[in-house]
Amino acid sequence: MTELLNIGLSGLNSSRISLRVAGHNVTNANVEGYSRQSAELGTRPTEFLGGFYLGTGVEVEAVRRITNNFLVAGLRSDTSVYAGAETLSTLMDQLDQLFSNSNSGLSGNMSSFFSSLQTAVDNPGSIEARQVFLSSAEGLTQKFNSLHNQLLVLQRDIGLQVEAVAQQATSYTREIADLNAQIAIATNSGSNPNDLLDKREQALNKLAELVNISVIPTDNNGVTVSVGNGQPLVVGTEAFELTTLANPDNPSQRELAIRSVSGAVSPVGNGVSGGMLGGLLSVKGEVIDDALNNLGRIALGVSGSLNALHNLGMDLEGNLGGDLLTDINNANSIANRTTANGGNSLPQDQVVSVSISDVNQLTTSDYQLDFTGANTYVLTRVSDGVSNAALDPSLTGSLGALPATVTVDGMTITLERPSGAFAAGDRFLIQPTRGFADEIALQVDRAQEVALASPIRTTTNASNTGNAAISAGEVTDKSTPFFAAAGQLSPPVTIRFTSPTSYDILDNSNPSAPVALAPPQTGLTYPPVAPNGILPASFGFQVDITGTPAAGDSFSVDYNAGGVLDNRAGLAMVGVQTSSVLENGSMTLESAYGVFTQEIGTRTSTARNNLEASQTLLEQSQAMLQSVAGVNLDEEAARLVEFEQAYNASAQVINVARSIFDTLLSALRG
Amino acid sequence: MRISTHQAFLAGLQGLLEGQANVTRLQEQIATGKRVDTPGDDPVAAPQIIALKRQIELINQYKKNADTATNRLQLEETTLGSIENTLQGVRQLAIQAGDGALDQNGREAIAAELQQRVEELLGLVNTRGVDSEYLFSGYQADTQPFVRNASGGFSYRGDEGQLFLPVATDLNLAVNDSGKALFMGIPIPNDFTMQADPGNGGSAVAQNAAVINQADFDAFYPDDAVITFSVAGGTTTYSVTRVSDGAAISGGTPPQPLTNMAYTPGEAIAFEGMQLEITGTPADGDVFTAVHDNPQKLDMLGIVDRLAQGLVAPGTSPAEYGELISDALISLDNVLSSINRTVAQIGSRLNTIESVQEANADIKLMSQNTLSKVEDLDFTEAISQLTQGTFILQAAQQSYAAISNLSLFNFIRS
């Protein structure tokens with residue numbers, strides 16, 4: 001009878017435990033990361049009694065956590081991918097808006113710049129039209145500055161976010177290491193610490209949201225977590241710290257690093273993908289750097305092309321034009337284009353200065369200059385990794401005597417070192433276009449100083465008898481002695497034909513008696529086919545004469561004093577809008593911006609598509625894991641009913657045992 | 001497949017959220033009418049949109065330039081029209097002055113009126129445009145182009161500059177013409193001067209030399225004629241020969257070679273469109289040469305001014321007076337043809353602007369249509385999508401409500 005009582009008791013016990021497990025499941029149904037548990041019942045060992053094997057009841061063999069490690073790992077990696085895509089997509093949407101919105105983007109300012117220039121060119125004498133042009137030029141430069149600064153702010157914010165995320169990741173690695181320790185102790189005591197395992201799985205998932213990790217199971221239910229190209233984050237009960245480290249090539253930039261328990265800090269490198277960190281880092285580096293370079297190159301294009309023409313013009317007051325916008329090769333910009341590696345050889349008096357020689361050839365890439373010896377170097381274009389001769393056949397990789405120059409991709413790099421030669425290991429980061437969008441500014445502050453006219457004009461002698469005609473003329477170089485004195489051509493010249501095919505160029509300071517120039521330019525042969533450019537290139541100005549001159553015919557070239565209704569220089573500047581001044585003559589300023597915003601758009605669209613795809617994947621893997629590990633309340637309700645009935649039945653067994661015991665006792669009492 | 005309760009709720013919720021996002025996005029597109037807001041919405045269409053917008057902006061700018069150019073050219077055309085009218089008046093006056101019956105008073109009256117016309121023309125050639133810039137002084141629009149010299153005559157103080165405006169890609173049109181090209185350097189009829197040989201021994205002088213038939217003289221020009229006197233036996237004769245080949249020149253009516261012609265002092269000698277008188281007594285071998293003047297040019301104002309002054313100049317022979325009128329008429333025709341040439345150019349520039357404008361308008365319309373196709377929303381499609389989206393959202397809400405109520409616990413309550 002005690003056997004029956006014991007069997008009943010075992011039933012009561014196991015049913016109670018089963019009910020408790022089901023209750024635990026029901027109450028944890030909405031806890032994130034909870035895996036449903038089930039009590040596994042087993043038959044107690046039998047007794048061999050009187051030639052029979054007799055059962056002894058039921059027992060709970062284990063409380064098992066129902067999950068699937070394969071699905072768990074899948075969910076973790078999908079979580080990483082999704083978090084990365086979400087971060088990237090949010091940032092890209094922000095950039096897409098910044099550059100393409102007609103208010104915040106550059107295109108509105110660019111087109112109003114050119115259209116107000118056009119209006120000023122239509123009415124070169126109008127101060128109002130010039131004033132409007134100056135305002136929109138100011139607007140354009142400020143837009144360059146503000147876009148540049150918005151990008152820098154975004155980059156800095158992302159940097160701060162990276163630091164914050166790294167700290168958060170570190171707190172998860174510590175939690176995982178702690179849980180590893182607790183789980184090891186619990187496992188050693190012989191049973192599965194189900195809820196601790198869930199908790200660690202949850203922490204791993206949170207960590208995976210921040211950065212893509214790989215998880216390898218070890219003894220005693222422990223895990224080893226690593227990041228990037230296998231750098232460890234958690235080993236057993238030890239947690240490593242995620243932190244940031246200044247980039248030695250560019251100290252203003254910080255990159256992700258790992259601090260080991262011993263305190264050694266090593267950079268993670270390019271292995272970080274996925275997770276918020278992956279998303280943040282890809283925008284912070286590649287995308288923003290590229291955007292800054294693109295903006296800078298367009299700014300260089302605007303300044304370079306317009307200054308070149310404005311410098312050859314003449315303003316409303318008869319003075320030669322100066323720079324309209326910041327000179328692309330001002331000392332400050334030149335200094336900002338190079339960053340020396342902090343570990344360069346001492347004394348660090350190496351000077352690597354970069355001036356822009358041809359805006360049209362500039363790329364949007366950065367360059368890395370590495371010295372492999374005192375006068376041997378490797379110059380690499382970062383965008384495609386091409387270096388030296390492959391980059392440009394003129395790059396031999398070895399330098400002549402210092403100061404030496406290297407010209408490539410539209411820039412001229414001058415290398416100097418007062419204390420001697422460069423040393424192997426000296427490294428320089430060259431960013432030819434990076435900062436100019438910030439540096440560009442309007443250089444003209446009075447409307448009268450906008451140089452829309454050309455400084456020279458031509459006159460046909462009234463008594464000419466031939467039918468030759470002279471062009472209006474153009475200035476090609478204002479640094480010649482002819483333009484040395486303000487407000488005049490020194491000296492004015494006259495072109496006098498000595499026969500229909502030959503001519504002299506004379507000093508016309510005294511129009512009634514022209515004299516020979518020094519050196520004389522006489523007996524020149526007249527090439528009749530236009531454009532014939534009949535003045536020597538060294539003059540810095542040029543005219544064409546067409547038709548057949550008669551002997552004695554003369555034409556004069558003089559300073560364009562009082563030329564207020566002249567827009568020749570302005571017309572040339574207007575032409576910049578439609579000429580391909582960037583990317584080796586394949587892009588106009590506006591189309592370069594268009595291509596750039598399109599790149600941003602493509603990245604944005606890709607990021608959005610990736611976000612959608614990764615969301616679907618994440619939902620699927622969540623569903624798959626949930627279908628194994630999630631709690632179904634209907635199922636648990638049924639279980640509760642089932643175990644309740646089993647409990648009642650077991651109680652009934654005890655009741656029967658008691659009843660037969662009572663029967664026996666009363667029989668004995670008689 | 002086994003479904004966890006949490007997942008069932010999540011899936012239902014996800015459906016609701018997606019439905020809402022879809023409906024909101026469609027609603028936003030319908031509200032703005034734009035399918036593509038940023039390049040991220042359609043990176044393939046984005047560069048096309050940017051290019052089309054730039055194209056349209058450029059065409060708008062060309063339209064503005066063309067309007068400015070048209071205004072300037074029309075002002076110039078109107079001004080030249082007024083100048084032409086005034087010159088026609090001058091021409092009428094010149095013809096009136098040529099009337100042989102006109103007495104001195106009549107000439108003086110015409111001369112006074114011509115002086116008025118000179119002032120009128122001086123005002124017109126110094127016309128200013130909307131920005132008070134001089135129309136005809138080239139680049140130097142702040143400099144008055146035409147001034148009367150203290151020593152008589154007029155001078156041009158502008159230059160030969162022309163303002164060009166772009167009215168289409170690679171098409172710059174001149175929108176003004178310099179006064180120098182228009183009104184200066186007008187060719188005036190060829191003339192000659194009589195020169196007495198310094199070695200002449202007689203007292204004869206040549207006078208009242210004039211071109212009486214410009215066409216004949218122009219045919220002879222630039223040759224020179226020599227009148228050689230010979231005195232033999234008390235009879236003075238002269239012969240006229242060409243300088244170029246020494247051949248005898250014919251003259252008189254009917255024409256006959258002027259060889260050994262009897263000399264009568266003061267008698268008109270006419271040949272090759274020229275007429276002159278020689279008075280006094282020439283010695284044997286005396287020579288007079290009719291030397292051609294080099295081609296002369298004069299400005300428009302000078303031509304009218306010279307006519308006005310010539311009408312009242314004292315001691316003008318009828319032949320000289322005739323030449324004055326004839327020269328004035330020919331010179332005026334030259335001025336008028338110079339102006340007409342420019343007016344024709346202005347007309348062709350205006351035509352160019354018009355046709356370019358039409359072409360630009362066509363391109364703009366095409367660009368706008370394409371832009372609309374690429375960028376704008378297809379409303380029919382969007383609204384039908386919205387209807388469908390709303391329907392799906394409603395269905396999701398209803399099914400969520402229905403399913404979320406299902407639980408076994410509802411039935412096992414005791």
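A residue is called buried here if 20 or more other C-beta atoms lie within 10 Å of its own, exposed if 12 or fewer do, and partly exposed in between, with C-beta atoms placed from the backbone. On that count, 44% of the 670 residues of chain A come out as buried. This is a predicted model, in which local features need pLDDT of at least 70 and side-chain atom pairs count only at pLDDT 80 or more, while totals for chains, interfaces and linings use all residues. Residues are numbered from 1 along each chain as its sequence is written, and chains are lettered from A and ligands numbered from 1 in the order in which they are written.

Chain A is drawn out: its C-alpha trace spans about 165 × 55 × 40 Å along the principal axes. Its radius of gyration (taken over C-alpha atoms) is 42 Å, whereas a compact globule of 670 residues would sit near 26 Å, going by the rule of 2.2 Å times the number of residues to the power 0.38. Chain A holds 12 helices and 28 strands, which are DSSP runs numbered from the N terminus (helices H or I, at least four residues; strands E, at least two).

Now for a helix pair in chain A. Helix α2 (residues 69-100) of chain A packs on helix α11 (residues 589-629) of chain A at an angle of about 155°, and their axes are 7 Å apart. Axes here are lines fitted to C-alpha atoms, for helices over the stretch in contact, and angles run from 0 to 180 degrees between N-to-C directions. The angle makes α2(A) roughly antiparallel to α11(A), a label for angles over 145 degrees. The residues of this contact split into 18 nonpolar, 12 polar and six charged; Ala, Val, Leu, Ile, Met, Phe, Trp, Tyr, Cys and Pro count as nonpolar, Asp, Glu, Lys and Arg as charged, and the others, Gly among them, as polar.

Between the chains, 45 residues of chain B are in contact with 56 residues of chain A, contact being C-beta atoms, placed from the backbone, within 7 Å. On the chain B side, α1 (5-32), α2 (46-97) and β3 (164-168) each supply at least two residues, and α2(B) gives the largest share, 10 residues. That side divides into 18 nonpolar, 17 polar and 10 charged residues.

Within chain B, Val356(B) lies in helix α7 (residues 318-375). Val356(B) counts as partly exposed because it has 18 C-beta neighbours inside 10 Å. Beyond its neighbours within four places in sequence, Val356(B) is in contact with Ala66(B), Val167(B), Ala168(B) and Leu171(B).

Notes: Contact = placed C-beta atoms within 7 Å. Parallel < 35°, antiparallel > 145°, perpendicular 65-115°, else oblique.
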